[in-house]
Amino acid sequence: MRGKVTALEYDMARGDGDSATNPHPVDRLVGRRVAEKRVALGYNQGDLGRALGLTFQQIQKYEKGTNRISASKLWMISQFFGVDISYFFEGLPRDSAEGETEALVPTPNLDYPPTRMTLEMSALAPQLSTRRQKLALDMVREMLHETSAEA
């Protein structure tokens, strides 16, 4: 029987070398994809939690990447959403050398959960001309700048 797990062993099991409080980028991406699909389908965290026999707090942890989603739970989520399990991994490179995964994972700001409005904005933006996309981006950046100045 093994003794107590060391911090290094725990970090290695988490998939990163930084710390136990720093989720692996793949866990964060999978959680983000769960949140995006949930919002796009009109479900709240409680709805998904009830379907999986979990609390909404656990769904929050999954979506932030704080807690890893087991293979069986991810399969259940894919069944509930009606998507192939590969949906949650879209955007990840297929052939990366060991240790390169973190650098290759797309890194949008995953600290903010998707909302119906942000999903709609991201769906509508490509329909704009490049010039109008730049204007919209400049406007959002200015609004963020004003908000941080007000704080």
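Reply: To begin with a term, two residues are in contact when they have heavy atoms within 4.5 Å of each other.

Me: What is Asp-47 in contact with, leaving aside neighbours within four places in sequence?
Reply: On that basis, Asp-47 touches Gly-42 and Phe-80. Asp-47 itself sits in helix 3; helices (H or I, at least four residues) and strands (E, at least two) are DSSP runs, numbered from the N terminus.

Me: Before we continue, what kind of model is this?
Reply: The model is predicted, so local features need pLDDT of at least 70 and side-chain atom pairs count only at pLDDT 80 or more, whereas totals for chains, interfaces and linings use all residues. Residues are numbered from 1 along each chain as its sequence is written, and side-chain values use heavy atoms, with hydrogens and water left out.

Me: What is the average pLDDT of the protein?
Reply: The average is 79, and 72% of the residues score at least 70. The pLDDT is the predictor's confidence in each residue, from 0 to 100.

Me: Of the 151 residues, what share is buried?
Reply: The share is 28%. Buried means under 20% relative accessible area, exposed over 50%, and partly exposed in between (1.4 Å probe, protein chains only).

Me: At what angle do helix 3 and helix 5 pack?
Reply: Helix 3 (residues 45-52) and helix 5 pack at about 115°, with axes 10 Å apart. Axes are lines fitted to C-alpha atoms, for helices over the stretch in contact, and angles run from 0 to 180 degrees between N-to-C directions.

Me: Is that crossing left-handed or right-handed?
Reply: The crossing of helix 3 and helix 5 is right-handed. A crossing is right-handed if the near helix is turned clockwise from the far one by less than a right angle, and left-handed if anticlockwise.

Me: Which residues meet there?
Reply: Helix 3 brings Asp-47, Leu-48, Ala-51 and Leu-52 to Lys-73, Met-76, Ile-77, Phe-80 and Phe-81 of helix 5. By class, this contact has seven nonpolar, no polar and two charged residues. Here Ala, Val, Leu, Ile, Met, Phe, Trp, Tyr, Cys and Pro count as nonpolar, Asp, Glu, Lys and Arg as charged, and the others, Gly among them, as polar.

Me: New topic: how many salt bridges does the structure hold?
Reply: There are seven, a salt bridge being a side-chain nitrogen of Lys or Arg within 4 Å of a carboxyl oxygen of Asp or Glu. One of them joins Asp-27 and Arg-68 at 2.8 Å, N to O. This pair links distant parts of the chain, since Asp-27 is in helix 2 and Arg-68, 41 residues apart from it, is in the loop between helix 4 (56-64) and helix 5.

Me: Is Asp-27 buried or exposed?
Reply: Asp-27 counts as buried because its relative accessibility is 16%, while Arg-68 is partly exposed at 36%.

Me: How far apart in helix 3 are Asp-47 and Arg-50?
Reply: They are three residues apart, and therefore separated by about one helical turn. Their side chains meet in a salt bridge of 2.8 Å, N to O. Arg-50 counts as exposed, at 60% relative accessibility. Elsewhere, salt bridges that share partners join Arg-32, Arg-33, Glu-36 and Glu-90 into one network.

Me: What is the N to O distance between Glu-36 and Arg-32?
Reply: Their salt bridge has a distance of 3.3 Å, N to O. Both residues are buried, and they lie four residues apart in helix 2, so about one helical turn separates them.
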